[in-house]
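Subject: Structure handover

Hello,

Here is the structure I promised. Please open it alongside this message; my notes follow.

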Amino acid sequence: DPNTSLRVGATVTAFKRYPAVEWVLEFENRGTQDTPLLEAVQALDVQLRTGYSRKPVTLHQLMGDVCGERAFLPFEADVEPGTGAVLAPNGGRSSNGAFPFFDVQYGSEGLIAAIGWSGQWRATLDRSTAGPATLRAGMQKLALTLHPGEKIRSPRILILPWKGDRQAALNRFRRLMLFEYAPRQNGRPLTLPVALQCFDRYVRLPDWGTEAMQIRVARAAHNAGCDTHWLDAAWFEGGFPNGVGNWFCPTERFPKGLKPISDTCHQLGLKFILWFEPERVAAGSQIAREHPEFVFGGDKGGLFKLSDPAARAWMADLLSRRITEFGVDAYRNDFNMDPLDSWRQADPTNRQGITEIRYVEGHYALWDGLLAGHPGLFIDNCASGGRRIDLETC
């Protein structure tokens, strides 16, 4: 734009084997002054051919994770002329109570859509009284000015239009996800592990969190026919949840760290999964005491500032060192808190959404860096169950 020097770019991917297209938008201030207010940006904004008002438009969805019997169940709703539907997760985790994959059907055709934004996205389907419907998606809250030289990105959008057999279209979309998005090892989609996980914070043996017991469990995993030993929360000082932020082993229980356990796994032909929750910091933990400037909440604990490049670099270095010294094959990233309030409270008045953007970008940079620095590593995405599943985390 010659008047404001705001540059908008789109990186678009069209697939040869699938009738699908994906894009992400980028906004950059190339001028010497702040831009005017940028708000209500819709990364997806399309009108659907649903003109005949007497024919229903059906929105097919999944529940998202609610840690209950309804989690991930499919459901559908008809959108009548003059009405609409709104989809959004709870608390800033992308599949917490809503799921960023859905299908809009009109008769024997439709549009499968997916959103890649590991934060607070929002999608709306509005149908006019005459019948045509408009589908929009983007961040739920964005109203900011961009400083000179500053750049932000939008949620990633993937759409696959279809006609005819809806089940065939869904299978086509599954193949697209499996072969173009899912992690790969040795050129093939990653094989899910068959893992033995022996820890429960409510019922456990007194010596569960020791080197000797974990070596015993690794052997039990091998004898049971598993291919992976999974060491979950509470291997660290202070236990779970009070010790999150202490990413080191108690020496009396693990005098040589966790390397003897991973060595046993590898001798048995097993992989080793280890649990972390780097984004939550407990009061009194090492991070809260030594680096309160890295925490929303300071020395009282709270959300780790992945939005801060210095904090993210510090955490990336710590996790990378632990992965190497412990011999970790799979990095399990849990996330048991809602970040949205922390993001919004940190935003300046005329910069609503900027903390969320920088945090989400930092989350992706952290994962990309760990994968690049540890060939063969894979990430197990956990968030109070499955509450941060979206196109990007996939």
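Is Ala40 buried or exposed? Ala40 is exposed, because its relative accessible area is 59%. The cut-offs are under 20% relative accessible area for buried, over 50% for exposed, and partly exposed in between, with a 1.4 Å probe and protein chains only.

Two points before you read on. This is a predicted model, in which local features need pLDDT of at least 70 and side-chain atom pairs count only at pLDDT 80 or more, while totals for chains, interfaces and linings use all residues. Residues are numbered from 1 along each chain as its sequence is written, and side-chain values use heavy atoms, with hydrogens and water left out.

Overall picture

The protein has 7 helices and 26 strands. Both are DSSP runs numbered from the N terminus: helices are H or I with at least four residues, strands are E with at least two. Along the principal axes, the C-alpha atoms fill a box of roughly 70 × 50 × 35 Å. Of the 394 residues, 52% are buried.

Strands and pairing

Two strands pair if DSSP finds at least two bridges between them.

- β1 (residues 6-14) and β2 (residues 21-29) run antiparallel, joined by 9 bridges. They form a hairpin with 6 residues between the strands. Ala14 stands opposite Val21 of β2.
- β24 (residues 330-333) is covered on both faces. Ala330 and Arg332 are buried on one side, Tyr331 and Asn333 on the other.
- β24 has a parallel partner in β20 (residues 271-276), through 4 bridges. Here Leu274 is opposite Tyr331.
- β24 also pairs in the parallel sense with β26 (residues 378-381), over 4 bridges. Ala330 has Phe378 of β26 as its bridge partner.
- An open sheet of 3 strands runs in the order β3-β12-β25, with antiparallel pairing. β3 (38-39) and β25 (351-352) are at the edges with a single partner strand each, so one side of each has no neighbour in the sheet.
- β12 (residues 143-144) is joined to β25 by 2 bridges. Leu144 has Arg351 as its bridge partner in β25.

Residues to look at

Ala40 sits in the loop between β3 and β4 (44-48). Its phi is near 50 degrees, a positive value in a residue other than glycine.

Ser384 also has phi near 50 degrees, again positive and not in a glycine. Ser384 lies in the segment after β26. Its relative accessible area is 18%, and Ser384 is buried.

Which peptide bond is cis? The bond from Phe240 to Pro241 is cis, with omega near 5 degrees. Pro241 is in the loop between β18 (228-231) and β19 (255-258).

Thr124 is in β10 (residues 121-127). Thr124 counts as buried because its relative accessibility is 10%. Leaving out residues up to four places away in sequence, Thr124 touches Ala85, Val86, Thr134, Leu135 and Arg136.

Best wishes

How values were computed
Contact = heavy atoms within 4.5 Å.
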